[in-house]
Amino acid sequence: MGLFETIRSVLGTNAESDATRKADPEDLFGMSTAYMTMQADLGYDHAGEAALCFSDVDSTAFGDAVDDVEAILGAGEAETGTGFHQNTDDHGYRWFVLEDDDPEDLVTSVHFAADTFVESGFGSRLLAAVFGFEDDDRRAYWIYSFRRGSYYPFVPEGNHDRDERIEFKLRSVLEGELDIEDDESYWYPLWPDTPGRHPWE
């Protein structure tokens with residue numbers, strides 16, 4: 001995922017003191033309408049993928065919770081065709097990656113996965129939900145921080161640059177539709193290990 005210390009300070013254990021409220025998977029449903037605004041007003045199509053990032057803990061109960069998430073996503077795959085797989089990045093963070101041509105199915109699947117962690121008592125292990133978009137020139141992401149209870153935009157450019165102009169444009173268009181993080185110092189980038197790939201790859 002890249003820039004380990006940055007991500008650790010934001011999404012990992014050091015973020016506890018900055019948490020504004022408990023994780024609330026219901027916030028994820030805001031993306032159900034936001035993806036239409038991204039397309040109609042900004043020309044971004046959804047990327048057909050979304051992901052849920054969480055930190056591991058060595059306990060049988062947590063392992064059972066992960067198994068429960070897999071079972072729920074497996075049932076969803078049979079019903080809606082939403083594919084999924086797990087990935088562990090180079091820094092030990094774990095991801096459930098969802099694939100579907102229907103963005104509403106993606107939102108629902110990410111919500112079910114996050115809600116299962118919360119109901120199992122492991123909401124504090126949730127770090128971020130990441131929704132991918134793309135136009136002809138670039139990729140853009142909306143990242144939901146469970147520690148902050150809010151969304152923020154991330155538009156990578158090149159290896160480790162970001163297009164802040166586009167990020168601010170995304171915020172201006174989606175304000176009122178998404179609960180967007182007011183403090184821009186918490187708009188942390190999630191760089192992929194390989195430029196041009198998704199943060200969860």
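# Salt bridges and helix packing

At 17% relative accessibility, Arg148 counts as buried, a class that takes in residues under 20% relative accessible area, whereas exposed means over 50% and partly exposed lies in between, with a 1.4 Å probe and protein chains only. The model is predicted, so local features need pLDDT of at least 70 and side-chain atom pairs count only at pLDDT 80 or more, while totals for chains, interfaces and linings use all residues. Residues are numbered from 1 along each chain as its sequence is written, and side-chain values use heavy atoms, with hydrogens and water left out.

The chain holds five helices and eight strands, which are DSSP runs numbered from the N terminus (helices H or I of at least four residues, strands E of at least two). In sequence order these elements give the pattern α-α-β-α-β-β-α-β-β-β-β-β-α. Of the 201 residues in the chain, 50% are buried. Among contacts (heavy atoms within 4.5 Å) with a separation of 6 or more, 67% join residues 24 or more positions apart.

Eight salt bridges are found in a search of the whole structure, each being a side-chain nitrogen of Lys or Arg within 4 Å of a carboxyl oxygen of Asp or Glu. One of them joins the side chains of Arg148 and Glu181, with 3.0 Å from N to O. Arg148 sits in the loop between β5 (139-145) and β6 (150-154), and Glu181 in the segment after α5, so this pair ties together parts that are 33 residues apart in sequence.

Another salt bridge pairs Arg162 with Glu167, whose closest N and O atoms are 3.0 Å apart. The side chains of Arg171 and Glu184 also meet in a salt bridge, at 2.9 Å from N to O. Because Arg171 belongs to helix α5 and Glu184 to the segment after α5, the pair ties together parts that are 13 residues apart in sequence. Asp135, Arg138 and Asp163, in turn, are linked in a network of salt bridges. The table lists the accessibility of several of the paired residues.

| Residue | Relative accessible area | Class |
|---|---|---|
| Glu181 | 7% | buried |
| Glu167 | 2% | buried |
| Arg171 | 19% | buried |
| Glu184 | 39% | partly exposed |

Helix α5 also takes part in helix packing. The axes of α2 (residues 31-42) and α5 (residues 164-174) come within 11 Å and cross at roughly 115°. That angle makes α2 roughly perpendicular to α5, since 65 to 115 degrees counts as roughly perpendicular, under 35 as roughly parallel, over 145 as roughly antiparallel and the rest as oblique. The contact is formed by Ala34, Thr37, Met38, Asp41 and Leu42 of α2 together with Lys169, Leu170, Val173 and Leu174 of α5. By type, the residues of this contact comprise six nonpolar, one polar and two charged.

Elsewhere, Phe84 lies in strand β2 (residues 83-88) and, with 22% relative accessibility, counts as partly exposed. Leaving aside residues up to four places away in sequence, Phe84 touches Glu70, Leu73, Gly74, Glu77, Phe96, Val97, Leu98 and Glu99. Phe84 and Glu49, which are 35 residues apart in sequence, are 9.3 Å apart in space from C-alpha to C-alpha.

Key:
Axes fitted to C-alpha atoms, helices over the stretch in contact; angles between N-to-C directions. Nonpolar A, V, L, I, M, F, W, Y, C, P; charged D, E, K, R; others polar.
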